[in-house]
Amino acid sequence: MLSVIVPVYNCENHLDRCINSILNQTYRDIELILVDDGSGDKSGDICKRYAKEDNRVIYVYKENGGASSARNTGLDKAKGEFIQFADADDYLENNMCMELLAPANESDIVICGYNLIAGDNIKQMLPGNSKGNIKDIDRLIPGLFSNWFINSPWNKLYKRSLIKNSFNTDCSLGEDLLFNLEYLKGVNTFTAINKALYNYISDNEGSLTKRRGQEYIQSIKDVYRSSAEFYKNFCSCESTMKDITAIYIDSFIEFIKSNMKNKELIKKIVTDPFTHKVFESYNPPSKMQERLKGFVLNNRLNSVCNYVRLRGWIKKAF
């Protein structure tokens, strides 16, 4: 049996589409675990209706604790040999479960592509077809980090028996990636499927810009450390480490952008020895980013802020 876990929070406008895409899968031996994370809209009523109509649906209510907490609750309830996750505002292609399960007996994790949907724009993100030892994963899946093939839980099939860790509920950024990196430490084989089987609805006002405090600084450090450790132990392509560093730089820029009025927080992250260590290893791909590196290493706070403002203006213009 396959357990599909969906954290639900105030998503009444999209929830039917998500649930129906799971219940209408070509693979039928599914238990759908809907974890209502203290919704204040009609999401809970929608979940209850499906649980009443289809005995494959399990409805669980909990006090609000965030998506990671909801996923952990779902894992505690799951009975399936295999685990999938989905977000309530996204939806699955109707053959996703069947496609992921096909190579599952000979793979410890199965990864597929996805459609990145932003308004009317759809971009296919495809990992290629590959199969092998986990230590070959970054060589066989180009863009492992930069294209989010490893970062999220929703484009994967996990074996429940190999899940030894839970989602970190104290982390304000990258908790999904941290979960995946811990899971991958205990696996030997993987399969990648070159099909976009999941539809991810991108929120242009994404969560990065909404998480502003000191905990964000600690979170991007934790994500970088864990990713760098994974690279050291399991990866072989130099470009993978460049991608990991680039993700840290992007998160750093988002933090500055979100805290323009909080000079103390900006000073804290710019002058942090950890930030300097990352930027020292950073090989900027452009002259503009070379200037950012110089500003950071020389603790020029105003210049860093001006760079982030200029970057935002350029993005809006083009």
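Predicted model: local features only at pLDDT ≥ 70, side-chain atom pairs only at ≥ 80, totals over all residues.
**Exercise 1.** Work out which residues line the second largest pocket, and how they divide by class.

*Solution.* Start with the space: the pocket holds about 220 Å³.

**Exercise 2.** Describe how helix 6 (residues 175-184) and helix 7 (residues 214-234) cross.

*Solution.* First, the geometry: the two axes come within 10 Å and cross at roughly 25 degrees. Angles under 35 degrees count as roughly parallel, so helix 6 is roughly parallel to helix 7. The crossing of this pair is left-handed. Now the side-by-side residues: helix 6 brings Leu177, Leu178, Leu181 and Leu184, which meet Asp222, Val223, Ser226, Ser227, Phe230 and Phe234 of helix 7. Count them up by class and you get 7 nonpolar, 2 polar and 1 charged.

**Exercise 3.** Is helix 7 roughly parallel or oblique to helix 10 (residues 273-281)?

*Solution.* Take the angle: helix 7 and helix 10 pack at about 45 degrees, their axes 11 Å apart. That makes the pair oblique. As for handedness, helix 7 passes helix 10 in a left-handed crossing. Lys221, Tyr224 and Arg225 of helix 7 make the contact with Phe274, Val278 and Ser281 of helix 10. By class, this contact has 3 nonpolar, 1 polar and 2 charged residues.

Methods. Residues numbered from 1 in each chain as written. Heavy atoms only, no water. 1 Å grid on protein atoms, 1.4 Å probe; cavity = no way out; pocket = protein on both sides within 12 Å on 5 of 7 lines; lining within 4 Å. Points joined across faces, edges and corners; volume = space filled by probe spheres on them. Nonpolar A, V, L, I, M, F, W, Y, C, P; charged D, E, K, R; others polar. Axes fitted to C-alpha atoms, helices over the stretch in contact; angles between N-to-C directions. Helix = DSSP H or I, 4+ residues; strand = E, 2+ residues; numbered from the N terminus. Parallel < 35°, antiparallel > 145°, perpendicular 65-115°, else oblique. Left-handed = near helix turned anticlockwise from the far one by under 90°. Contact = heavy atoms within 4.5 Å.
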